[in-house]
Amino acid sequence: MAIRDARTPWAARIMGAVTVAYALSPIDLIPDFIPVLGYLDDLLLIPLGVWLTIKMLPTGLMQEYRHRIATEGRPSLKHNLWAAGIILLIWLLLVWVLSRWFWIRFVKS
């Protein structure tokens with residue numbers, strides 16, 4: 001909700017986007033196969049990014065959103081489900097294309 005609000009500073013928007021991108025990215029600062037440290041960076045950097053994003057929001061704006069959620073409840077996930085469906089379709093298409101390429105390239109020849 002705050003990302004669409006014109007009162008949200010650009011720094012908070014960018015910090016939130018970077019945090020989400022890092023959380024969803026398969027590339028980590030420290031690779032996960034390194035024992036303990038691989039997961040420790042995720043356990044520290046993602047909450048730190050969320051905390052910094054929240055701290056960058058104006059106090060009044062954060063209180064307004066907390067009040068809105070307390071009175072109206074959480075927003076509808078209708079758009080999020082559409083986005084998740086589209087992303088799932090893209091992944092399925094990618095898997096299908098790669099499997100056909102693999103089949104033609106290695107199995108049939």
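Me: How many aromatic pairs does the count come to?
Reply: Bear in mind that this is a predicted model. Rings are paired when their centres lie within 6.5 Å. By this rule the count comes to 2.

Me: What kind of aromatic pair do Trp101 and Phe106 form?
Reply: The ring centres of Trp101 and Phe106 are 5.8 Å apart, and the planes make an angle of 90 degrees. Planes over 60 degrees apart put a pair in one particular class. For Trp101 and Phe106 that class is edge-to-face.

Me: And what kind of pair do Phe102 and Phe106 form?
Reply: Here the centres are 5.1 Å apart, with 45 degrees between the planes. Stacked needs under 30 degrees and edge-to-face needs over 60, so an angle between those limits falls into the remaining class. Phe102 and Phe106 are therefore tilted.

Me: About how many helical turns separate Phe102 and Phe106?
Reply: Both residues belong to helix H4, which covers residues 78–107, and they are 4 residues apart. An α-helix has 3.6 residues a turn, so residues three or four places apart point the same way. For Phe102 and Phe106, the separation is about one helical turn.

Me: Which residues form the aromatic cluster, and are they buried or exposed, or partly exposed?
Reply: The cluster is made of Trp101, Phe102 and Phe106. Their relative accessibilities are 46% for Trp101, 45% for Phe102 and 47% for Phe106.

Me: Over which ring does the charged end of Arg13 sit?
Reply: A charge counts as over a ring if, among other things, it is within 6 Å of the ring centre. The charged end of Arg13 is 4.7 Å from the centre in question. The ring belongs to Trp10.

Me: Is Thr8 buried or exposed?
Reply: Thr8 is in the segment before helix H1 (10–24). Leaving out residues up to four places away in sequence, Thr8 touches Ala2, Arg13, Leu57 and Leu61. The relative accessible area of Thr8 is 5%, so by the under 20% limit Thr8 is buried.

Me: What is the phi of Val36 near?
Reply: Val36 is in the loop between H1 and H2, and counts as exposed at 64% relative accessibility. Most residues other than glycine have a negative phi. Val36 has a positive value, near 65 degrees.

Me: What distance does H2 reach from its first C-alpha to its last?
Reply: H2 has 20 residues. At 1.5 Å a residue, the expected span is 28 Å. The reach of H2 is close to that expectation, at 28 Å.

Me: What arc do the buried residues of H2 cover around the axis?
Reply: The buried residues in H2 are Gly38, Asp41, Asp42, Gly49 and Thr53. They are on the same side of H2, because the arc they cover is only 100 degrees.

Me: Which exposed residues are on the face of H2 turned away from its buried side?
Reply: What covers the buried residues of H2 includes H1. The face turned away from the buried side carries exposed residues instead. These are Tyr39, Leu43, Leu44 and Lys55.

Me: How far apart are the C-alpha atoms of Leu48 and Thr19?
Reply: Leu48 is found in helix H2, and is partly exposed with a relative accessible area of 41%. Along the chain, Leu48 and Thr19 are 29 residues apart. Their C-alpha atoms are separated by 8.7 Å.

Key. Residues numbered from 1 in each chain as written. Predicted model: local features only at pLDDT ≥ 70, side-chain atom pairs only at ≥ 80, totals over all residues. Heavy atoms only, no water. Phe/Tyr/Trp six-rings, centres within 6.5 Å; stacked < 30°, edge-to-face > 60°. Buried < 20%, exposed > 50% of the residue type's maximum accessible area, 1.4 Å probe, protein only. Helix = DSSP H or I, 4+ residues; strand = E, 2+ residues; numbered from the N terminus. Lys NZ or Arg CZ within 6 Å of the ring centre and 35° of its normal. Contact = heavy atoms within 4.5 Å. Expected span 1.5 Å × (residues − 1). Arc of directions from axis to C-beta.
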